[in-house]
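Trainee: I'd like to understand the words we use for a model like this one. Could we go through them together?

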Amino acid sequence: MGIAMKDMEKKISELYGRDAKLSAVPEESKLNVGYKTKEKGLTEKLVREISGVKGEPEWMLKKRLESFAIFKSKPMPTWGADLSKLDLDALTAFVRPKGKENEPTKWEEVPKDIRKTFDVLGIPEAERKFLSGASAQYDSEVLYKSLRKNITELGVVFTDMDSAVKEYPELVKRYFMTRCVPAKDNKFSALHGAFWSGGSFVYVPEGVKVPSPLQIYFMMNYPGFGQMEHTLIVAEQGASVQYIEGCSAPYYTRDSLHSAVVEIFAGKGSRVRYTSIQNWSRNVYNLNTKRAIVSENAIMEWVGGTLGSGTTMLYPCSMLVGRGARAEHLTISLAGKGQVKDTGAKVLHMAPNTSSRVVSKSICRGGGLVRYRGLLHVGKGCTGVKANVRCDSIIADKISVAETVPVIDVRSSDAVIGHEAAVGRISDEQLFYLMSRGIDENEAVSLIVRGFIEPIVKELPLEYAVEMNRLVEMEMEGAVG
Amino acid sequence: MKRISIASGKEECMLLQTTSSASYSIMLADGARAEIAIVNSAPADKDVELKVEAKIGKNSALTLIGCQLGGRETKSNVKISQKTGSRCEHFEVALLSGSQRLLARTEHLHNEPKSFSRSSFRYAAAGSAQVNVQGNVEIARGANSADAHFVAKSLLLSREAVVKVVPMLSVKTGEVTAGHGAAMAPVSADELFYLESRGIDGAEGRRMILEGFLLGFEAKQMSDVRAAVERKMGGLDGF
């Protein structure tokens, strides 16, 4: 999500007719395809084709094939959201965007049609204004990436995952789907391990503090597509970095899948903030696995807004493995008509004196379903643990559903744990008070909702906070009355 | 299955002591009131299964107290459903020691409008006891103006004890007030210090805090429940 998004929704609607109505699948020639895999269905041959097209080393192909075997052996999950209509074999798993073969190094070298899309999203403007580095992925691969020279000189690496496999093989071998999110973790991490493409690799050396955020924007344009980018962030001892992801897609008549894996290694005393604003179109199944391993005295912060997609299953996880490690999970989830948001947070306290805070704010309307699903685990011998979970929901009408399923598993006698959840409607009294002060009903609803999500929005960079408020307001339009 | 029916307009109060598996069906007719306490004091070498199904009629009120003290492994299943204008206060108290295990499932259904419930669960686990609780509050579509709140609090009294709590909430209508909470903490050092400064030694202080924690609610049959809890506390080491 870029900063110049004042009219993003309007412009996206102009470009694609997003959410106003389903867009018919355009002609292949208008989809900016540079290369598309020939193999139909999810097969071993397809795994080999993707790896071959990318020119990957043998060890990565081996890893992909191992993941594929795991994927085939695991059943589809039967808990959470209904995935029975998701036809994995109907997906196109790899689409290389037009212009990728030229490896653009300047924004002007990106093909005009694609550039126009990212211009609308404000990517180049954001890069100029406040980012240390910016990257843009179109369908399967990153088409544009940049990192400020002064940041490069500090030894920071910010590149796409495909390049990292070739340029930093030792680091990738060490961290890529090994102990943070192994392929065997779940059906979709195994799928990802076999068919992943694109994403980011961030490496911040010891003691380096990246002054402003790194950002990547994902665009999923091809109809019936499976985007599976991989994000790997390694912050060494004492380092700090803020990473931001945004995403969007046109609303086609064919379902798409977004199955990302995010792995974060927060070294001793480091600080990592991962921000994600998800605004996929409503034909997208958004099934991700995001996890961080947090070392001694390190701080891991997850800040997220889940606004789009039809079905989302997302539970960012912090494994606090070092003494004094800390995790913060701050999320907003919004479900409108036809949307299912099964989201939450997992925190595993696996060392003494670790602490965590989870704040989840959900809003549902128009028959949408929001479900908070969380896990708070305190291991045996983990003394001095403090954890707090707060999950609140607003149900804007009589046909929407809000659920909470938090699991609290404590095996340490001196842990101090708090969990609180509240579900309710927009208060008539608050509405009446605001309206008695001359504020019209829609504006009053907007003010109340802004207050509700404020604890999370205030953690976003200003430009994102403004945009988040605006997107939520748009979703809430006509929610009352 | 023992059937307990409270007729319309009647008010009853009963204490049910059990030392083995038991099953209760509680029916409150419209406008009835009842307070029912079920105390499980089964021998420590016996596995127990307890089932309670309560149906609360229109404008009636039930106070249900479950007290889990005995049994080697206790499986407790409580299902409560409420009609229009009904009220339910549900207290669960458990004090486990040694290798006792408690597997408790409660399902609280608000099926109709203007139903009100408060559920307060207190668990204390000593020795290598394990508590596994799943509490589900569901407010059905159309149960407008329902008001439900569920709180589970736990004290772990030893390093080997384990508590797992899953407080679930499912709300299918907009015009409700609903919430849940869960908390776990050790015996407060501040409270112990305060009591010691008043001349109460550590063991007695811990006992007082534990008793206050478990029995912090009001009921007509409080003295019977208290007596059962105190008997169990008397057999605990380290107090």
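Mentor: Gladly; here is a short talk about the terms and the values behind them. This is a predicted model, in which local features need pLDDT of at least 70, side-chain atom pairs count only at pLDDT 80 or more, and totals for chains, interfaces and linings use all residues. Residues are numbered from 1 along each chain as its sequence is written, while chains are lettered from A and ligands numbered from 1 in the order in which they are written.

Trainee: What makes chain A agree with a compact globule?

Mentor: The radius of gyration is taken over C-alpha atoms, and the globule rule is 2.2 Å times the number of residues to the power 0.38. For 481 residues a compact globule would have a value near 23 Å, and chain A has 22 Å, so the two agree. The C-alpha atoms of chain A fill a box of roughly 65 × 55 × 45 Å along the principal axes.

Trainee: Why is β24(A) called largely enclosed?

Mentor: A residue is buried if 20 or more other C-beta atoms lie within 10 Å of its own, exposed if 12 or fewer, and partly exposed in between, with C-beta atoms placed from the backbone. Eight of the 10 residues of β24(A) are buried, so the rest of the structure largely encloses this strand. Helix α1 (residues 189-197) of chain B is hardly covered: zero of its nine residues count as buried. Helices (H or I, at least four residues) and strands (E, at least two) are DSSP runs, numbered from the N terminus.

Trainee: How do you know that β24(A) pairs with β13 of chain B?

Mentor: Two strands pair if DSSP finds at least two bridges between them. β24(A) and β13(B) (residues 162-171) have six, in the antiparallel sense, and D409(A) stands opposite K164(B) there. Within chain A, β22 (residues 369-378) and β24 run parallel over 10 bridges, with V378(A) and V410(A) as bridge partners. β25(A) also reaches across, as eight bridges join it to the antiparallel strand β14 (residues 177-185) of chain B; A422(A) faces G179(B) in that pairing.
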